[in-house]
Amino acid sequence: MSGLFVTVEGIDGTGKSTQVRRLAAALRAEGREVVETLEPGGTALGRALRELLLHTDGPVDARAEALLYAADRAQHVARVIDPALAAGAVVLCDRYLDSSIAYQGAGRSLSADEIRGLSLWATGGRLPDLTVLLDLPVAEAGVRRARKGEAPDRLEREDGAFHERVRRAFLDLADAEPERFLVVDARQSADRIAARALDRVHALHPASDAAHGVSGGR
Ligand SMILES: Nc1ncnc2c1ncn2[C@@H]1O[C@H](COP(=O)(O)OP(=O)(O)OP(=O)(O)O)[C@@H](O)[C@H]1O
Ligand SMILES: [Mg+2]
């Protein structure tokens, strides 16, 4: 019995958390076992690391940052993601290694290959079966973030050019692995985006394969 590992990626404010919630609800309604999780901070250790990463004042060395994200991911995969997949669940993860590559690689001094290699070492090579990339112009993402009214964290305070580089980096990752990525125009309604993602999940993981699937599904 093997589950399905789905990650949702994109710059801040593109609707990742909204889509994880909607997909989880839709898949549970079909009778599937679903685990919703996020990075950084999917475990107790990860939550401590998340506080350090998002709220440290002053510059964080790029290698130190990469190692902290990798440590969070190692714990998350070992304690949450791999056990859930082994039990046949659909795992929905808000951000994963593509975020590390896009933010740290595009924004800072390390190469995409270095970040990817570090992450794959940390996770024993665990890659998503499907990555939904929510693509949105930086200005629109900024408007959505502002509407949420939360205080911006360290990465959100970076300027528009930084977010533009990160958006590009995500699109380049999708181009390099078209079979893993579903790129969605995030200006569409949340309902429409969820429907497209759900179609892809159904194609990859028919209900008859699911842990507690409803037989005779689509
Ligand atoms: N498809 C959509 N169309 C318009 N607004 C949306 C859509 N999806 C989400 N939103 C709204 O945009 C805001 C940001 O959504 P959400 O928190 O899901 O994004 P996020 O990518 O998880 O953000 P963050 O990176 O800050 O965690 C919320 O107010 C949400 O209600
Ligand atoms: Mg979110």
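Mentor: Start with burial. Buried means under 20% relative accessible area, exposed over 50%, and partly exposed in between, using a 1.4 Å probe and protein chains only. This is a predicted model: local features need pLDDT of at least 70, side-chain atom pairs count only at pLDDT 80 or more, and totals for chains, interfaces and linings use all residues. Residues are numbered from 1 along each chain as its sequence is written, ligands are numbered from 1 in the order in which they are written, and side-chain values use heavy atoms, without hydrogens and water.

Trainee: Is Asp98 buried or exposed?

Mentor: Asp98 is buried, because its relative accessible area is 0%. Asp98 belongs to helix α4, residues 97-107 (helices are DSSP runs of H or I, at least four residues, numbered from the N terminus).

Trainee: Which residues does Asp98 touch?

Mentor: Contact means heavy atoms within 4.5 Å. Leaving out residues up to four places away in sequence, Asp98 touches Glu9, Thr131, Phe170, Leu173, Arg180 and Phe181.

Trainee: Now the ligand. Which polar atoms lie by ligand 1?

Mentor: A polar contact is a pair of N or O atoms within 3.5 Å. A polar side-chain atom of Lys16 lies 2.7 Å from an oxygen atom of ligand 1. For Gly15, a backbone N or O atom lies 3.0 Å from a ligand 1 oxygen atom. For Gly13, the backbone N or O distance to an oxygen atom of ligand 1 is 3.1 Å.

Trainee: Which helix gives the most to the shell around ligand 1?

Mentor: α1 does, with three residues. α1 (16-29), α6 (138-148) and α8 (190-204) each supply at least two.

Methods: A polar contact is a pair of N or O atoms within 3.5 Å; within protein, one must be able to donate a hydrogen and the other to accept it, and residues adjacent in sequence count only if both atoms are side-chain atoms.
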